[in-house]
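Have a go at each one before you read the solution.

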Amino acid sequence: MNFFEIVNSNVDSLTNNEQKLLDYVIKNMDQIKNKSIRELSSECFVSTTTFLRFVRKIGFSGYSDFITVIKYTLLNNDVNSKSEMSPFVVNQSEYREEYLKNINETIRVLDNEKLNQVANIMNKAEKIYFLAKGFSKYAAEYVEYLYTLNGFVVIFPKNFEQRKLMHLNIKSSDVVFIFNYDGEDKELIEITQNLERKFPQLNLVSVTGANNNTIQNMSDINFYLFSDEIYKNKIEMTSHVSLISIMELLLYQYNEIFDK
């Protein structure tokens, strides 16, 4: 029963105001654990109804459940803090060596035939779609910018509502890239299943971790990336440099073939 594990899957569906409420809660968990909903709502300058709606949206049945989980989370963090070493408290030379190994391995296993195949698909596609959540979303924003600069029409739905509606404008001739490290995100799997049903000829390309996973198995083409999983305060901070490397090399391959 951990606050961050419950909330994490719902973060992308929050509005800007709800995100501010979540930030306040995370920063002040120890102070709010004994407060009533009326007191906390007043501190956040919202009504009790608005705050209760927010609590339910991030995954709790009610305010009592919300406070109880916060207390358990704080208690467990206190117990574990003495024995739990920060993922960054390691010999830096060793960390750099592993960091470079992951990038090198990601590039080493890239299949040139797959790169050419995807480049040809991109050349025929009217639009390119990116699907990403969590930390992958920020790496995807850079890739979106890079591909847009190169003349591609890129559609990147950045929240739950936009992802839910993306099928309204998509065409079978388009290409969809799915970025998800563990390849098991339930929402992205459901979206992929819906796209497969509605657009059987749609090209699906995934970039996932080097393991046998659902999104990889649902895709027409998959690229593996290697990275060490890192969590800080229960939030994933795994490096996405390998993901960026794959998408940059794919773009360079495309330019080599078609920009002549």
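The exercises below use this model, which is predicted.

**Exercise 1.** Work out how helix α2 and helix α5 are oriented to each other, and which residues make the contact.

Solution. Start with the geometry: α2 (residues 16–27) and α5 (residues 48–57) pack at an angle of about 80 degrees, and their axes are 11 Å apart. Angles of 65 to 115 degrees count as roughly perpendicular, so α2 is roughly perpendicular to α5. Next, the contact: α2 brings Glu18, Leu21, Leu22 and Val25, while α5 brings Phe51, Phe54 and Lys57. Sorted by class, that gives five nonpolar, two charged and no polar residues.

**Exercise 2.** Find the salt-bridge partners of Glu126, and say whether Glu126 is buried or partly exposed.

Solution. One partner is Lys127, with the closest N and O atoms 3.9 Å apart. Another is Lys171, where that distance is 3.2 Å. The pair with Lys171 links distant parts of the chain, 45 residues apart: Glu126 sits in the loop between α8 and β1, Lys171 in the loop between α10 and β3. Now the accessibility: Glu126 has 44%, so it counts as partly exposed. Lys171 is partly exposed too, at 39%, but Lys127 is buried at 13%.

**Exercise 3.** Trace what Lys133 pairs with and which network it belongs to.

Solution. Lys133 forms a salt bridge with Asp185, the closest N and O atoms being 3.2 Å apart. Lys133 lies in the loop between β1 and α9 and Asp185 in the loop between β3 and α11, so the bridge ties together parts 52 residues apart in sequence. Both residues are buried. Finally, follow the shared partners: Asp12, Lys133, Lys137, Arg163, Asp185 and Glu187 join into one network.

Terms used. Residues numbered from 1 in each chain as written. Predicted model: local features only at pLDDT ≥ 70, side-chain atom pairs only at ≥ 80, totals over all residues. Heavy atoms only, no water. Axes fitted to C-alpha atoms, helices over the stretch in contact; angles between N-to-C directions. Helix = DSSP H or I, 4+ residues; strand = E, 2+ residues; numbered from the N terminus. Parallel < 35°, antiparallel > 145°, perpendicular 65-115°, else oblique. Contact = heavy atoms within 4.5 Å. Nonpolar A, V, L, I, M, F, W, Y, C, P; charged D, E, K, R; others polar. Salt bridge = Lys/Arg side-chain N within 4 Å of Asp/Glu carboxyl O. Buried < 20%, exposed > 50% of the residue type's maximum accessible area, 1.4 Å probe, protein only.
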